[in-house]
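Visitor: Hi! I'm new to reading protein structures. Could you show me one and walk me through it?
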Amino acid sequence: MKDILSMDLKRLSPHETRKIHFSSLDMAYAFYNQYAKMNGFAICRSKILRSKKGEILQRAFVCHRQGFRDLIENIPHAIFKDPFRRGNHILVMCDAYTPAGEPIPSNKRHAAAKVFSHPDVVAEETWYGIKQEYTLLQKDINWPLGWPAGGYPGPHAFSHDIFYAHCKACLFAGINISGINGEVMLGQWEFQVGPSVGISAGDEIWVARYTLEIIIEVADLVLIFDPKPVKGDWNGVGAHTNYSTKSMREEGGYEIIKKAIEKLRKRHAKHITACGEGKERRLTGKHETTDINTFSWLISI
């Protein structure tokens with residue numbers, strides 16, 4: 001027991017604690033109670049799994065602040081200043097794992113981190129600039145902001161305070177936000193994050209979306225990222241990504257870009273399935289889009 005309690009409990013992950021075996025229940029409780037205190041929560045009660053004979057097979061200790069810790073484990077990866085509570089408060093970007101230490105199905109960051117940490121990828125200093133479009137709806141009628149109830153809009157004219165507040169919140173948090181602008185359809189806006197390096201771009205866009213959610217909630221509006229929020233002859237919503245590697249940005253980079261484009265063309269059918277639900281309603285070949293089944297590229301001067 002002395003050896004166990006001499007461990008650096010602050011550095012011990014929840015997954016690693018499950019690999020420890022105890023000779024008695026009292027020893028297990030003593031360990032988890034100490035582990036809890038070192039990590040800012042307290043043991044309250046436990047959940048017991050028994051055999052048909054009544055023998056204890058497994059006991060899960062619980063903290064009062066987070067509930068049963070064996071449901072999903074959140075692993076922190078990025079920290080931002082909290083633009084709402086301020087002071088020493090922070091926002092923490094986590095990804096989630098099962099009790100067995102496996103990433104949950106929606107945890108795409110786990111696989112991405114393996115790619116971005118590869119030495120060849122690190123050496124290329126991958127830059128991302130992500131342009132996130134979104135639509136605001138009037139809360140009670142779920143109709144775009146600025147549109148008359150059940151009708152269609154006139155000239156674009158309404159308060160921009162919400163969008164400036166989001167930009168300021170991101171800057172305070174340390175998110176690399178680089179711009180905001182109104183979109184084609186009234187009630188649609190866009191913010192840009194980047195250029196950011198590697199997986200940090202993903203962390204920043206997620207936390208930027210979170211801060212936007214909070215601001216829109218305070219404004220008593222509804223935020224949606226639906227690809228086609230209004231049926232008919234209206235523009236949709238997307239998240240466009242600007243990307244480059246060190247090789248692309250150096251002399252001779254144009255040839256590297258063309259090779260990358262050819263690789264993307266060959267895998268278009270697979271890649272497009274990873275772009276979210278409902279995109280077929282937006283990618284029709286109209287309203288500044290290409291048909292969902294067509295891969296195209298051009299040079300912009």
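Guide: Happy to! Keep in mind that this is a predicted model. Let's begin with a residue: Tyr-128 is buried, with a relative accessible area of 19%.

Visitor: Why does Tyr-128 count as buried?

Guide: Buried means under 20% relative accessible area, and Tyr-128 has 19%, so it counts as buried. Tyr-243, at 42%, is partly exposed.

Visitor: How many aromatic pairs are there?

Guide: The structure holds six aromatic pairs. In one of them, the ring centres of Tyr-128 and Tyr-243 are 5.0 Å apart and the planes meet at 50 degrees, so this pair is tilted.

Visitor: Where do Tyr-128 and Tyr-243 lie?

Guide: Tyr-128 is in strand E6 (residues 127-138), while Tyr-243 is in strand E11 (residues 239-244). The pair therefore ties together parts that are 115 residues apart in sequence. Ring pairs also link Phe-116, Tyr-128 and Tyr-243 into a cluster.

Visitor: What about the rings of Trp-147 and Trp-234?

Guide: Their centres are 4.6 Å apart with the planes at 50 degrees, so that pair is tilted too. Trp-147 sits in the loop between strand E7 (143-144) and helix H6 (161-173), and Trp-234 in the loop between strand E10 (221-224) and E11, so the pair ties together parts 87 residues apart in sequence.

Visitor: Is Trp-147 buried or exposed?

Guide: Trp-147 is buried, at 3% relative accessibility. Trp-234 is partly exposed, at 23%.

Visitor: New topic. Which charged end sits over the ring of Phe-172?

Guide: That is Lys-81, whose charged end is 4.4 Å from the centre of the Phe-172 ring. Arg-249 also has its charged end over a ring, that of Trp-127, 3.6 Å from its centre.

Visitor: How many residues are in the largest nonpolar core?

Guide: That core has 29 residues, and among those with the most contacts inside it are Phe-80, Tyr-134 and Phe-191. Several elements give two or more residues to this core, including strand E4 (73-81), strand E5 (90-97) and helix H7 (200-218). H7 gives the most, with seven residues.

Visitor: And what does Phe-80 touch?

Guide: Leaving aside residues up to four places away in sequence, Phe-80 touches several residues, including Ile-90, Met-93, Ile-175 and Val-207.

Visitor: Can we zoom out? How many helices and strands are in the chain?

Guide: The chain has ten helices and eleven strands. Of its 301 residues, 34% are buried.

Visitor: Last one: what is the mean pLDDT of the chain?

Guide: The mean is 82, and 75% of the residues reach 70 or more. Over residues 62-70 the pLDDT is below 50. Where pLDDT is low, the predicted coordinates should not be read in detail.

How values were computed. Residues are numbered from 1 along each chain as its sequence is written. This is a predicted model: local features need pLDDT of at least 70, side-chain atom pairs count only at pLDDT 80 or more; totals for chains, interfaces and linings use all residues. Side-chain values use heavy atoms; hydrogens and water are left out. Rings of Phe, Tyr and Trp (its six-membered ring) pair if their centres lie within 6.5 Å; planes under 30 degrees apart count as stacked, over 60 as edge-to-face and the rest as tilted. Helices (H or I, at least four residues) and strands (E, at least two) are DSSP runs, numbered from the N terminus. Buried means under 20% relative accessible area, exposed over 50%, partly exposed in between (1.4 Å probe, protein chains only). A charge sits over a ring if NZ of Lys or CZ of Arg is within 6 Å of the ring centre and within 35 degrees of the ring normal. A nonpolar core is a set of buried Ala, Val, Leu, Ile, Met, Phe, Trp, Tyr and Cys residues joined through side-chain atoms within 4.5 Å. Contact means heavy atoms within 4.5 Å. pLDDT is the predictor's confidence in each residue, from 0 to 100.
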